[in-house]
Every structure is written in C-alpha cells, then in structure tokens.
Amino acid sequence: WNWLDEPADSPRRKQEGVYHAQSFGPVGKRVQVILLDTRYFRSALKKTTKDKAMLGGTSVPTDDESTTILGAAQWRWLEKVLQEPAELRIIVSSIQFAPEAHGGESWANFPHEQRRMLSLLEGHKAVILSGDRHWCEFSHDGVFDFTSSSMTQKHPRGTPTLNKHRLIPKTYHLPNVGHLSIDWEAATLTAKVIAEDGEAKITHQAAFSDLLVR
C-alpha cells in the first residue's frame with residue numbers, strides 16, 4: 001500500500017490481502033471491476049521434480065481440496081460483491097484462469113477453486129483479465145480469459161506453453177499492453193494486444209451474449 005501511495009486512513013489498509021471492487025457507469029451500462037488477490041491467501045503450490053516438470057515450471061494441479069487461492073474471507077467478499085447490480089463484470093486475476101496447467105502459477109493448479117469460481121460466475125456476463133506469462137493469448141474455458149503481459153520484457157523463447165483452451169492460435173511475446181473496448185450500442189467487447197509501435201497485434205471481439213457464464 002505504501003508503494004501504491006494508498007492514503008494512510010484508507011480502509012483498504014485494514015484488510016488482509018489486496019483486493020477491491022468498484023462499479024462504473026449508469027444503469028444499463030454498469031461495469032463492475034473486481035481486482036482479486038491470488039497470492040496473499042494462496043496455499044503452497046504442489047510441486048513435482050525437475051525431470052517431470054512441464055515447460056512452464058514444476059507446479060502441478062493438486063487434488064487436495066482443503067487448499068485455496070482466494071482464502072475464506074476473500075471468497076465471502078466476492079460472493080457479496082457479485083450480488084451488486086452490473087451489466088458486465090471485469091475480473092482481474094494476476095494469474096491465468098482458463099489455460100490448462102503449464103507448470104507455473106495458474107488457477108488450473110487448484111481445480112476445485114477454478115470450479116468454484118465458474119459456479120459463482122454462472123449467470124453473469126463476465127470476462128477475466130490476466131497476466132504473469134510474459135506473452136499474450138486469448139483463452140476460453142467456461143469464461144473468457146484475456147492475457148496481456150509483459151509491459152517491459154520480451155519472452156526469450158517466443159514459444160508458448162500448451163493451451164487447449166486458446167481461442168486463436170496466435171500469441172504475442174514482445175512488450176505490450178492490453179486494451180479493452182466496450183460498445184454498448186453493438187453489445188460487444190473487444191480486446192486488443194497493443195505493441196510498442198501502437199499496432200494491434202491480436203484482436204478478439206465477443207458479443208455480450210457470449211460473455212454469459214453458463
């Protein structure tokens with residue numbers, strides 16, 4: 001919070017974990033932005049040996065359903081904020097949600113938490129924004145997951161890990177930023193990967209109806 005220049009009297013300083021939600025726009029065009037903390041409460045990752053590791057690292061999915069990503073307090077908070085009215089929900093996760101396990105940090109390492117999130121989002125129009133991979137890709141497994149990273153470093157290998165949930169085959173591995181555009185008249189959401197030269201390297205458009213989590 002000090003690094004973010006959060007005011008000394010901010011109520012956020014009184015909670016454990018860095019998570020927050022805020023809504024924007026008038027009725028009929030309300031967007032709720034939910035920032036999750038996927039590390040403060042997270043259980044230890046299950047690891048395998050280096051000779052059995054996946055391309056992205058030594059982390060593997062756990063079958064221990066007592067483990068958690070968000071922790072009990074944050075789950076209760078999330079259930080509450082999702083009851084607030086909104087036409088569209090943007091959920092920010094520091095780790096990827098939809099892609100299959102790849103050896104690094106991801107929701108796929110905790111399949112029971114992944115299922116819980118999808119169950120909680122059912123009936124909502126939602127999209128997840130993620131990073132932490134040093135490249136960009138668009139995925140879908142129950143919910144759209146747009147991954148944009150990183151802003152300052154290129155991915156040296158230039159080859160992504162396997163992802164059967166990747167929407168389109170193209171990925172981008174040089175510095176970039178993600179750009180999200182909402183067209184209320186056309187009822188569409190457009191996600192773009194913008195390179196340093198300002199060019200959109202990957203673009204995907206989804207109708208609001210496609211964002212409904214079922």
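**Close-up views of a predicted model**

**Figure 1. Packing of helices α1 and α2.** Helix α1 (71–81) packs against helix α2 (residues 111–121) at an angle of about 20°, the two axes lying 11 Å apart. α1 is therefore roughly parallel to α2; angles under 35 degrees count as roughly parallel, over 145 as roughly antiparallel, 65 to 115 as roughly perpendicular and the rest as oblique. Axes are lines fitted to C-alpha atoms, for helices over the stretch in contact, and angles run from 0 to 180 degrees between N-to-C directions. The crossing of the two helices is right-handed, a term that applies if the near helix is turned clockwise from the far one by less than a right angle, the anticlockwise case being left-handed. From α1, the contact involves Trp75, Leu78 and Glu79, and from α2 it involves Glu113, Arg116, Met117 and Leu120; contact means heavy atoms within 4.5 Å. Helices (H or I, at least four residues) and strands (E, at least two) are DSSP runs, numbered from the N terminus. The model is predicted, with pLDDT of at least 70 required for local features and 80 or more for side-chain atom pairs, whereas totals for chains, interfaces and linings use all residues. Residues are numbered from 1 along each chain as its sequence is written, and side-chain values use heavy atoms, with hydrogens and water left out.

Figure 2. The open sheet has the strand order β1-β2-β5-β6-β8-β7 with mixed pairing; two strands pair if DSSP finds at least two bridges between them. Strands β1 and β7 (137–140) are at the edges and have a single partner strand each, so one side of each is left without a neighbour in the sheet. Neighbouring strands are turned by 20° against each other on average, direction ignored. β1 (20–24) pairs with β2 (residues 31–35) in the antiparallel sense over five bridges. Within the view, His20 stands opposite Leu35 in β2. Helix α1 lies across β1, β2 and β5 (88–92), and runs at about 175° to β2.

Figure 3. β9 pairs with β10 (residues 188–195) in the antiparallel sense over eight bridges, and Leu180 stands opposite Ala191 in β10. The two strands form a hairpin with four residues between them. Ala187, in the loop between β9 and β10, has a positive phi near 55° although it is a residue other than glycine. At 27% relative accessibility, Ala187 counts as partly exposed; buried means under 20% relative accessible area, exposed over 50%, and partly exposed in between (1.4 Å probe, protein chains only).

Figure 4. Most residues other than glycine have a negative phi, and most peptide bonds are trans. The peptide bond from Ser149 to Ser150 is cis, with omega near 0°. Ser150 belongs to the loop between β8 (144–147) and β9. Asp5, which is not a glycine, has a positive phi of about 60°. Asp5 is found in the segment before β1 and counts as exposed, at 68% relative accessibility.

**Figure 5. Surroundings of His155.** His155 lies in the loop between β8 and β9. With a relative accessible area of 10%, His155 is buried. Leaving aside neighbours within four places in sequence, His155 is in contact with His134, Trp135 and His173.

Figure 6. Ser66 is placed in the loop between β4 (59–60) and α1. The residue counts as exposed, at 62% relative accessibility. The side chain of Ser66 makes a polar contact with the side chain of Asp64 (2.6 Å). A polar contact is a pair of N or O atoms within 3.5 Å; within protein, one must be able to donate a hydrogen and the other to accept it, and residues adjacent in sequence count only if both atoms are side-chain atoms. Ser66 and Asp132 are 66 residues apart in sequence, and their C-alpha atoms are 25 Å apart in space.
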